[in-house]
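Subject: Structure for you to look at

Hello,

Here is the structure I promised to pass on. Please open it first, then read my notes below.

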Amino acid sequence: MPLIEMINVNRQYGSGRTLVEALHPTNFVLNKGEFVAIIGPSGSGKTTFLTILGLLQSPTQGKIFVNGKDTSKMNSGQRTDLRFNKFGFILQASNLIPFLSVNDQFKVVDKFSRSKRRSRNSAELLRLLDLQNVANNYPSNLSGGERQRAAIARALYNNPEIILADEPTASLDSKRAQQVVSLLAQVAHESQRGVIMITHDTRLLAMTDHVYEMQDGFLRQQK
Amino acid sequence: MFLAIKEILHNKMRYLLVVFTIFLISYMVFFLTSLAVGLARENRTAVDQWDAKTVVISGYANKSLVASTIPQNSYQDYDKGKDVAKLGQVSVVSQLKDSKKKINTNVFGVDWKSFISPKLIDGRLPEKNHEVVVDDALKNDSIKLNSQIKINGSSKYYKVVGITKNNSFFATPVIFTNMDVFRTMKYGSSRTKNISTLVFKNNKKVNATGLEQISIKDLINHIPGYTAQVLVFSFMIAAMVIITFLIIGIFMYIITIQKISLYGVMRAQGIRTARIIESLFYQILILTGIGAGLALLLIGVTQFFLPKTVPFYSDWLAYIVLTLAIMVMALLGGSLSMRRVLKIDPLSAIEGE
Ligand SMILES: Nc1ncnc2c1ncn2[C@@H]1O[C@H](COP(=O)(O)OP(=O)(O)O)[C@@H](O)[C@H]1O
Ligand SMILES: [Mg+2]
């Protein structure tokens, strides 16, 4: 069973003469252990696609199945819980809570999880992302790169089955970008997670299993 | 609780402002309450001391004790037994020997053996006509045990032989004399056996033409100015408590609006709105708790620095009730923001700041 399946999903913004079809009807499947990259020019609909996959917004039409369950039949509370339990987001804008130190970002996950989950070892994550020295800093006291890595650490912390990353390497130097992408690849391949990454950096595509290109709201598989 | 506290600690200045506002409002509420209770008590403690159920006063007195006179032939049939007491009241001006200062006081004429005879905290009950018992509030005017006082410019001095406390009526302290002294002061002679009122310890019914039986509560409410004064204070206090609702409502609404994108991030992470609202209410509880708590501390200290003549009375039960009222109002104010929080779209996390 695929982790996520998207069937005939499209997304329109506005109406009448201002109608924009940001995403044309699209079919897409993400399986366990897959690392998928999405490329494409800005404004082509990549973020729209990713946020619909992540249940952050509803499609205009079509259905999204997560672990075989139809999300259109869920209420918003159930979708919120699904996000909390299955998804890890690495967003363009920060996905960190400004009044929590890096360490406390993890604590929130522990506090709010209803089921006893297996969280990743936070010390290990901090080491992996070279954040040990700033673990007690607030997001506003982190450099752009540190903030991005903290966001990645936060996304990985709840051991999500599905990781959605919107340009996670945008503010990183190429060495760190390589490290982050290989970490995502490792998460996908070794712990059988599904990872989708939007990126502009074509040098990073070598580590991915599939590459899709988005153009004017149309998604085409390249690899 | 975790989110609530972490956020307060991270934005100390912003939330300190809220605490400070709550503190000021609570302190004013407590202060006004203390004055209201203090003033009310000055009107009535002497009546409360009787621990009685009803009084019988003249039908013409319009339920006002100070206006009541009952002649002997009207009351003598009912003045029977230990549960009935005669009282004479007259407003007088007292003067300490060798002092020019005139002090407004009440004279309560009583039988020293009746149940409304004052409870002493010092000295003894009078044995002669020119011996009196006074309320200890008069020590603010240097009237103490063994003081010699003039009443209404009398030529002879009265000697203070006993001290009582919490005996204030119509906002002035009470001087207790025997019935004869009272009658001389009010009617010029002790031969007229008039009294002001008969006080009944129990609910015994009295039906007599020309007399009216009223409850103690009624009697207090008809002390001139008493009801109006209590009402004015109640309105002020209620207004302040309601203002809490508005201020917290507005404060929290502004803070909530500023946090929309942050809430978006939390929603995107899968934190339920219920958690966010819970955190909002925890914050309000914490902030009002601290603010009102500090106000309680300060009010506790205040009474030690106020002059004794200020009618300030710490009513801790009232403070607790008002603190709860302020908290409820603050929580209601917070619920103004709830709709806003419920509408938060996790997508606002993507759109960024
Ligand atoms: N909330 C929105 N309202 C209206 N139009 C939107 C909204 N979000 C995105 N769009 C439009 O949809 C198209 C795709 O946007 P987006 O998915 O952000 O592209 P990308 O991430 O590839 O840059 C753009 O034309 C954009 O203007
Ligand atoms: Mg985008």
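B:Arg272 forms a salt bridge with A:Asp81, and their closest N and O atoms are 2.7 Å apart. A salt bridge here is a side-chain nitrogen of Lys or Arg within 4 Å of a carboxyl oxygen of Asp or Glu. Two salt bridges are found across the interface of chain B and chain A. Helices (H or I, at least four residues) and strands (E, at least two) are DSSP runs, numbered from the N terminus.

Before you go on, note that this is a predicted model: local features need pLDDT of at least 70, side-chain atom pairs count only at pLDDT 80 or more, and totals for chains, interfaces and linings use all residues. Residues are numbered from 1 along each chain as its sequence is written, chains are lettered from A and ligands numbered from 1 in the order in which they are written, and side-chain values use heavy atoms, with hydrogens and water left out.

How many residues of chain B are in contact with chain A? There are 21, and they meet 28 residues of chain A. Contact means heavy atoms within 4.5 Å. The two chains bury about 2,400 Å² between them, 67% of it on carbon and sulfur atoms. That area is the accessible area (1.4 Å probe) lost on putting two parts together, summed over both.

Now look at chain A. Six strands form an open sheet there, in the order β6-β7-β8-β3-β9-β10, with mixed pairing. Two strands pair if DSSP finds at least two bridges between them. β6 (87-90) and β10 (218-221) of chain A stand at the edges with a single partner strand each, so one side of each has no neighbour in the sheet. β6(A) and β7 (residues 162-166) of chain A run parallel, joined by four bridges. A:Phe87 stands opposite A:Ile162 in β7(A).

An unreviewed UniProt entry annotates residues 15-39, 230-255, 276-304 and 316-336 of chain B as "transmembrane region". UniProt positions use the numbering here, feature names are shortened, and annotations may be inferred rather than shown by experiment. Residues 230-255 of chain B are 100% helix, with end C-alpha atoms 38 Å apart. Residues 316-336 of chain B are also 100% helix, and their end C-alpha atoms lie 31 Å apart.

Best wishes
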